[in-house]
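Visitor: I would like to be walked through a structure that is new to me. Could we begin with the terms and then go part by part?

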Amino acid sequence: MGELDIYARLNEISAPPQYPLLFGNDAERADKIAEHKSWLQRIRKERPSTAHPFKVGIYIRYFNQTRYEDYLKYHMEQLADAIADCPRWTLVDFYVDEGSSPPNMESAPEWCRLLNDCMDGKVDLIITQKLSNVSKKAHEITLCATVLASHKPPIGIYFISEDLFTLASYYLEDMQDFSFFPEGDWEMLPEEESLEELHG
């Protein structure tokens, strides 16, 4: 299956209803998100390369508002089938937190387990439906994406609905900004050349 096909398929997989709008009703933030989406539509998209041997962890925030009793199982099977169409990708596990809206990251046990697996080298690509699955706080997502991207090897997050890959070259400068990190031995991201094989 080609790269475009796999991303089209991931996007078509129906997800359980997502309730609060991204980051609540903050109009200024909503405007920034709309502006960013418009910019993304005008550039060449970068997604995780299907030719790169990723170890994939799929994060799901599940809140059953459907009439189907086995919806979660069905949804997981669809995602597993889509990942199986990428022969160089390995599905490590599903990480499922329940709830209609994201809590703080530290109170999402499966998200924490996923991050631990990333730090232990078991997962190097997180796939999840949308930004608001991960956190209701934009700065938490930014910090988390930056910490993961600075890991060796870099760990990326792909958000299906927003078609956003955190290791894309156009985010590299932002991911190298450590000004908001605590003092310590933080290392910069590798140069762009070493990230090229991670996205198409």
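Guide: One term is needed at the outset: a contact means that heavy atoms lie within 4.5 Å. This is a predicted model. Among its contacts between residues at least 6 apart in sequence, 77% join residues at least 24 apart.

Visitor: What helices and strands does the protein have?

Guide: The protein has eight helices and five strands. From the N terminus on, they run α-α-β-α-β-α-β-α-α-β-β-α-α.

Visitor: And how much of the protein is buried?

Guide: Of the 200 residues, 43% are buried. The accessible surface comes to about 10700 Å², and carbon and sulfur atoms account for 49% of that surface.

Visitor: Let us turn to the sheet. In which order do the strands lie?

Guide: The five strands form an open sheet in the order β2-β1-β3-β4-β5, and the pairing is mixed. The edge strands are β2, residues 90–98, and β5, since each pairs on one side only.

Visitor: Are the faces of β4 covered or exposed?

Guide: Both faces are covered. G156 and Y158 are buried on one side, and I157 and F159 are buried on the other.

Visitor: What sits between β4 and β5?

Guide: The loop between these two strands contains D163. The two strands form a hairpin with four residues between them. D163 has a positive phi of about 50° although it is not a glycine.

Visitor: Is D163 buried or exposed?

Guide: D163 is buried: its relative accessible area is 13%, and the cut-off for buried is under 20%.

Visitor: Now for the helices. Which strands does α4 lie across?

Guide: Helix α4, residues 109–119, lies across β1, β2, β3 and β4. It runs at about 155° to β2.

Visitor: Which residues of α4 are buried, and what covers them?

Guide: The buried residues of α4 are E110, W111, L114, L115, D117 and C118. Seen down the helix axis, they fall within an arc of 160°, so they line one face of α4. Their cover includes β1, β2, β3, α5, α6 and β4.

Visitor: What comes after α4?

Guide: α4 is followed by G121, whose phi is positive, near 80°.

Visitor: How does α3 look?

Guide: Helix α3 covers residues 71–84, which is 14 residues. From its first C-alpha to its last it reaches 20 Å, close to the 20 Å expected at 1.5 Å a residue.

Visitor: Which of its residues are buried, and which are exposed on the opposite face?

Guide: Y71, H75, Q78, L79, A82 and I83 are buried in α3. Seen down the axis of α3, these buried residues fall within an arc of 135°, so they line one face of the helix. The face turned away from that buried side carries the exposed residues K73 and A84.

Visitor: One last topic: the start of the chain. Where does D5 lie?

Guide: D5 lies in helix α1, residues 3–12. With a relative accessible area of 45%, D5 is partly exposed.

Visitor: How is D5 placed relative to D85?

Guide: D5 and D85 are 80 residues apart along the chain, and their C-alpha atoms are separated by 9.7 Å.

Notes:
Residues are numbered from 1 along each chain as its sequence is written. This is a predicted model: local features need pLDDT of at least 70, side-chain atom pairs count only at pLDDT 80 or more; totals for chains, interfaces and linings use all residues. Side-chain values use heavy atoms; hydrogens and water are left out. Buried means under 20% relative accessible area, exposed over 50%, partly exposed in between (1.4 Å probe, protein chains only). Accessible areas come from the Shrake-Rupley method with a 1.4 Å probe; for residues, only the protein chains shown count as cover. The expected span of a helix is 1.5 Å times one less than its number of residues. The arc is that of the directions from the helix axis to the C-beta atoms. Two strands pair if DSSP finds at least two bridges between them. Axes are lines fitted to C-alpha atoms, for helices over the stretch in contact, and angles run from 0 to 180 degrees between N-to-C directions.
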